[in-house]
Amino acid sequence: MQKMGVSLEGEKVILVPYMEAHVPRYHQWMQDPSLLQATGSDPLTLDQEFKMQLSWSQDPLKETFIVLDKDMLEGAFVHGDPHVEAMVGDVNLYMNDLDNPQMAEVEIMIAEPRSRGKGLGKESVLMMMAYAVENLGIHVFRVKIGESNGASLNLFLKLGFKEASYSEIFKEVTLDLSVTKPKHEELLHLIGSIYFPKQSRDQFSKKS
């Protein structure tokens, strides 16, 4: 069963559910060896990518949003429209730790070079975290980043994540962030700028 979609709107980005219409562009991104390495992904065929999108949309332990750059939107934003022209990356949340259902792993990718360095990744991560705290009961966030990915490491360190462990085998750093009261209040303040589509408000509550 496909999950009900919700869109989140911030100052610079809009996060929309990963839809079938996004798959060809996403597949194109993942032909880039540097993106495959940075995300720890294996190359897939287009058909496999469509099947992956469907499985992600049905997985209750995974939340995936496509990042839209508001500067690239053609016309007004309409919920339910994939707005492929503005898609620049994705942000994911994995809730796979059965021993700690309040912990989730975060991933962010800004795939379009022209949209990097604009703060879109930072805003996307904060919006995803705000959404997860308020609607999914998540209180601890984790990221796993290759030691050579300096930009991503700097981003999460600036957001308050602390190093938890290092894998010599995978050359990978694990960073954690527990949502303290001040961080929770910061995220609640951010939620004031997040837009939940009318058809989703019955399912997802929003505090302002």
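Predicted model: local features only at pLDDT ≥ 70, side-chain atom pairs only at ≥ 80, totals over all residues.

Residues are numbered from 1 along each chain as its sequence is written, and side-chain values use heavy atoms, leaving out hydrogens and water.

**Exercise 1.** Find how many helices and strands the protein chain has, and how they follow each other.

Solution. Start with the definition: helices (H or I, at least four residues) and strands (E, at least two) are DSSP runs, numbered from the N terminus. Counting gives 6 helices and 8 strands. Next, read along the sequence to get the pattern β-β-α-α-α-β-β-β-α-β-α-β-β-α.

**Exercise 2.** Work out the strand order of the open sheet and which strands stand at its edges.

Solution. Strands of a sheet pair through backbone hydrogen bonds, either parallel or antiparallel. Here, two strands pair if DSSP finds at least two bridges between them. The 8 strands of the open sheet come in the order S1-S2-S3-S4-S5-S6-S8-S7, with mixed pairing. Strand S1 (8-9) and strand S7 (162-167) each have a single partner strand, so one side of each is left without a neighbour in the sheet. Now zoom in on one pair: S4 (residues 87-94) and S5 (residues 103-110) run antiparallel, joined by 6 bridges. Within this pair, Val91 has Ile108 in S5 as its bridge partner.

**Exercise 3.** Classify the ring pair of Phe65 and Tyr131, and decide whether the two residues are buried or exposed.

Solution. Rings of Phe, Tyr and Trp (its six-membered ring) pair if their centres lie within 6.5 Å; planes under 30 degrees apart count as stacked, over 60 as edge-to-face and the rest as tilted. The structure holds 6 aromatic pairs. In this one, the centres are 5.7 Å apart and the planes stand at 90°, so Phe65 and Tyr131 are edge-to-face. The pair links distant parts of the chain, 66 residues apart: Phe65 is in strand S3 (residues 62-69) and Tyr131 in helix H4 (residues 120-136). Both Phe65 and Tyr131 are buried (under 20% relative accessible area; exposed is over 50%, partly exposed in between, with a 1.4 Å probe and protein chains only).

**Exercise 4.** Describe where Gln48 lies and how exposed Gln48 is.

Solution. First, locate Gln48 in helix H3 (residues 46-58). Its relative accessible area is 37%, so Gln48 is partly exposed. Finally, a polar atom of the Gln48 side chain lies 2.8 Å from the backbone nitrogen of Thr45.

How values were computed:
Polar contact = N/O pair within 3.5 Å; in protein donor to acceptor, adjacent residues only side chain to side chain.
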